[in-house]
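Here are my notes on the model, as numbered points. Please keep the structure open while reading.

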Amino acid sequence: MEKGNIVKWLKKEGETVHVGDVLCEIETDKAVVSFDSSDDGVLAKILVEDGTKDVTLGSLIALLVAEGEDWTQVEIPTPVHTSSPAQTALAAIPTLFSSKAQHSAGKGEVRLSPAARQIVQTHGLEPSTTPPTGPRGIFTKEDALNMLKHKGTTPSATSTAPVQPSLKAPQAVLGAPLYARPSTPPISIPGQPLAPGTFTEIPASNVRQVIARRLTESKSTIPHSYASIDCNIEEVLKTKTELARDDIKVSVNDFIIKAAAVTLKQMPDVNSTWSSEGPRQLGSIDISVAVATDRGLVTPIVQDAASKGIEEISIMVKVLAKKAKAGKLLPEEYQGGSFSISNLGMFGIKEFIAVINPPQACILAIGRLRHDLAVSEDDDGNHSLCRKEMMMVTLSSDSRVVDDELASQFLENFRLNLENPTRLALF
C-alpha cells in the first residue's frame, strides 16, 4: 500500500483522545480499516479532511497535543499542505482548459492541410482569423479559398498555387461542411442534457484500481493453462442434508474448500507461488475465497484450511464474507494465500475460466449444479437411465509452476476427494 483515502473522521477537533481510540477510517487497497491513536491527548487539528483521496503513506493528517495545552493555538508545521490532492486537481482544471483554448487559437498552433498551406503562403493569408472547419480543427483548402473570396481577391493565373480553372466554384465547396467536426471535444454540464459525444467519468475506488492492475499483470505476465473436469456431488448433497438434520448448516462451497485443501496437502507441489527467483512451495495451505462486494472482488483467506473441519470452514467463510462486504477486513485476512477458489454457480453460470491471482499459481472456477441423465448398470447387468448431480470445475494454472500433467492429476484427486466426503474427515 502506497496511498489511501480518508473515509471519515470519528473524532472532532478539541476532543480528548486515549490510546486505542479510533481516530478515523482509511480505505486501503482492499478494505476500510480503522486508524487508532497511539497516544493520549487532545485532537488539535485535522489536516486532511473527510473524503480526501490518494493520501501518501506517511503523510501528516492530524495534530495531537497533550492534555491541558491550548489546542486552539497549535502551530501547523510549515511543510504540511492542508489542501487535498483532489482539491489541487480540481483547481488546475480551469487553467488547463483555458491554456488549451489559447493554444488552439494561437498563430503557430493552427494545423493546415498541404493545399491550404500553399494557398496561405502564396497569398499572405492569416489562417488564425478564420475558424477551421476540417476534422480535428484542421484548416482545409476550402477554408483558404473561402478566405480569398471574402477578402475580395482571387488566385492569380501566374501563381504557383494550384487553382481551379473557373473562379465560380460551387457554393458547396466554398461553404463550410454541414457537419463540421469540432476542434475540441464537447463538455457535459451538470443539470443539462448531455451533448452528443460526451460521457461521464466514474471515479475508480482503490479496490477497483488494484483489481485492474493485478488482472492486467496476471494476463500479461502469467502463462495461463486451463483444464476442466466434471464432478458428481450426489454424496456431498446427501452429507449436507444429514448434517442439516443435526442443525449443522454448511454449503457445497464449504465442501469444495475442504476438498481443495486436502488435495493440496496430498500434492504439495501445487501449493506454490511464483517469485522472481522461481517457484516457492508453501508450508501452510491458505485458501483465498472470492467474495463479490460493491467495491469489487475481494479474496479473504481461510488459513490452514486442511486442518479445519467442514463446519469450522463454514463459520469462517461466513464471518469473512460479512466483513468483506462491510469493508472491515484486516490486512492479514486478505493478504497472501496459496490457492484461490471462485464460485459463480449460485448465479447460474454453468462453467467459466478465472484469472490467476498473482503470485499464486492456481485458481479453481466452480460452475453451477446441473442434472445429467446417464446410463447405469445394476448387479444383474440391467441398464437403466438415472439422474446425476454434476458440477463442472475449471483449473487455471501457471504453467511455470504447475504443468499440464500436474494440473490433470490435481483435478483427478480433487474429484475423488469431493465425490467421497468421508475421505475429507481423515484430514
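1. What percentage of the 427 residues of the protein count as buried? The figure is 38%, where buried means under 20% relative accessible area, exposed over 50% and partly exposed in between (1.4 Å probe, protein chains only). The protein has 10 helices and 19 strands. Helices (H or I, at least four residues) and strands (E, at least two) are DSSP runs, numbered from the N terminus.

2. A word on the source. This is a predicted model, in which local features need pLDDT of at least 70 and side-chain atom pairs count only at pLDDT 80 or more, while totals for chains, interfaces and linings use all residues. Residues are numbered from 1 along each chain as its sequence is written, and side-chain values use heavy atoms, with hydrogens and water left out.

3. Contacts in sequence terms. Among contacts (heavy atoms within 4.5 Å) with a separation of 6 or more, 61% join residues 24 or more positions apart.

4. Look at helix H7 (residues 252-266) and helix H9 (residues 404-419). Their axes come within 9 Å and cross at roughly 130°. Axes are lines fitted to C-alpha atoms, for helices over the stretch in contact, and angles run from 0 to 180 degrees between N-to-C directions. H7 is therefore oblique to H9; angles under 35 degrees count as roughly parallel, over 145 as roughly antiparallel, 65 to 115 as roughly perpendicular and the rest as oblique. H7 contributes Phe255, Ile256, Ala259, Ala260, Val262, Thr263, Leu264 and Gln266 to the contact, and H9 contributes Phe410, Asn413, Phe414, Asn417 and Leu418.

5. Ser338 sits in the loop between helix H8 (310-326) and strand S17 (339-343). Ser338 is buried, at 1% relative accessible area. Its side chain makes a polar contact of 2.6 Å with that of Asn271. Such a contact is a pair of N or O atoms within 3.5 Å; within protein, one must be able to donate a hydrogen and the other to accept it, and residues adjacent in sequence count only if both atoms are side-chain atoms. Leaving out residues up to four places away in sequence, Ser338 touches several residues, including Ser272, Leu282 and Gln360.

6. Check the backbone at Pro359. The peptide bond from Pro358 to Pro359 is cis, with omega near 5°. Pro359 is in the loop between S17 and strand S18 (362-377).

7. Asp54 has a positive phi, near 55°, and is not a glycine. Asp54 is partly exposed, at 34% relative accessibility. Asp247 also has a positive phi, about 65°. Asp247 is exposed, at 59%, in the loop between helix H6 (234-245) and H7.
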